[in-house]
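Good morning, everyone, and thank you for making time for this.

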Amino acid sequence: MRDAEPTAEAWTGPATLAEFLAGIEGRAFRFAEVALRQRDDALDAVQDAMMKMLAYRDRTPSEWQPLFWSILRNRIIDVQRRGLFRLRWLVPGSSDADGEVIDWADEANPDPSRSHDGQEAWARIRQALRGLPARQREAFTLRVLEDLDVAQTAQAMGCSEGSVKTHLSRAREALQKQLEEFR
């Protein structure tokens with residue numbers, strides 16, 4: 001049995017679609033980057049998803065999050081199917097399209113120690129997430145990192161709530177094994 005839809009009074013999220021998109025942009029980019037393994041493709045996928053969301057501005061704000069993740073997920077699948085996914089990115093010391101070595105430094109963080117620790121942690125998590133099958137990675141990212149509920153995650157992934165729970169359980173188990181020594 002599904003819970004009742006949230007009322008307008010209960011909604012505490014962004015009031016406008018622009019605020020929503022501004023708040024989700026960074027997380028959406030990381031999600032796309034992990035899936036596509038190529039910065040430019042991830043940026044394009046997020047931009048396309050955001051542009052497509054403009055057509056849904058008349059929807060209620062509580063619908064925006066699962067709808068956005070569903071659109072982004074479908075866009076990522078489209079990019080992968082079209083072969084825009086470049087395997088050269090996986091090679092150590094890889095570079096971007098201009099031949100520059102990819103630098104993952106967080107320029108907004110002035111503390112080099114914290115920046116390095118954050119980079120190392122994100123690299124380990126990103127590597128562990130990449131090792132998961134796509135459906136497990138999606139379920140984990142949407143449920144745990146994006147804090148969507150099971151129903152919203154199922155809607156975004158286009159599967160049943162039971163499948164979400166199964167994928168999430170398997171993802172957590174695999175990540176726990178992969179990240180055990182990182183604790």
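This is a predicted model: local features need pLDDT of at least 70, side-chain atom pairs count only at pLDDT 80 or more; totals for chains, interfaces and linings use all residues.

By a nonpolar core I mean a set of buried Ala, Val, Leu, Ile, Met, Phe, Trp, Tyr and Cys residues joined through side-chain atoms within 4.5 Å, and by buried I mean under 20% relative accessible area, with exposed meaning over 50% and partly exposed lying in between, for a 1.4 Å probe and protein chains only.

Residues are numbered from 1 along each chain as its sequence is written, and side-chain values use heavy atoms, with hydrogens and water left out.

Of the 183 residues, 36% count as buried. If we take contacts, meaning heavy atoms within 4.5 Å, with a separation of 6 or more, then 62% of them are accounted for by residues 24 or more positions apart.

Which residues does F68 touch, leaving aside its neighbours within four places in sequence? They are F20, L21, I24, A28, A49, M50 and M53.

That brings us to helix packing, where α1 and α3 pack at an angle of about 35°, with their axes 11 Å apart; axes here are lines fitted to C-alpha atoms, for helices over the stretch in contact, and angles run from 0 to 180 degrees between N-to-C directions. The residues of this contact of α1 with α3 divide into 15 nonpolar, two polar and one charged, counting Ala, Val, Leu, Ile, Met, Phe, Trp, Tyr, Cys and Pro as nonpolar, Asp, Glu, Lys and Arg as charged, and the others, Gly among them, as polar.

The axes of α3 and α6, for their part, come within 7 Å and cross at roughly 35°. Their contact is made by S62, P66, W69, S70 and R73 of α3 and Q152, Q155, A156 and M157 of α6, and by class it has four nonpolar, four polar and one charged residues.

Now please look at two loops. R37, in the loop between α1 and α2, has a positive phi of about 60° although it is not a glycine, and R37 is buried, with a relative accessible area of 17%. D147, in the loop between α5 and α6, also has a positive phi of about 60° without being a glycine, but D147 counts as exposed, at 63% relative accessibility.

Finally, Q178 lies in helix α7 and is partly exposed, with a relative accessible area of 33%. Leaving aside neighbours within four places in sequence, Q178 is in contact with R124, Q127, A128 and L132, and the C-alpha atoms of Q178 and L129, 49 residues apart along the chain, are separated by 9.4 Å.

Terms used:
Helices (H or I, at least four residues) and strands (E, at least two) are DSSP runs, numbered from the N terminus.
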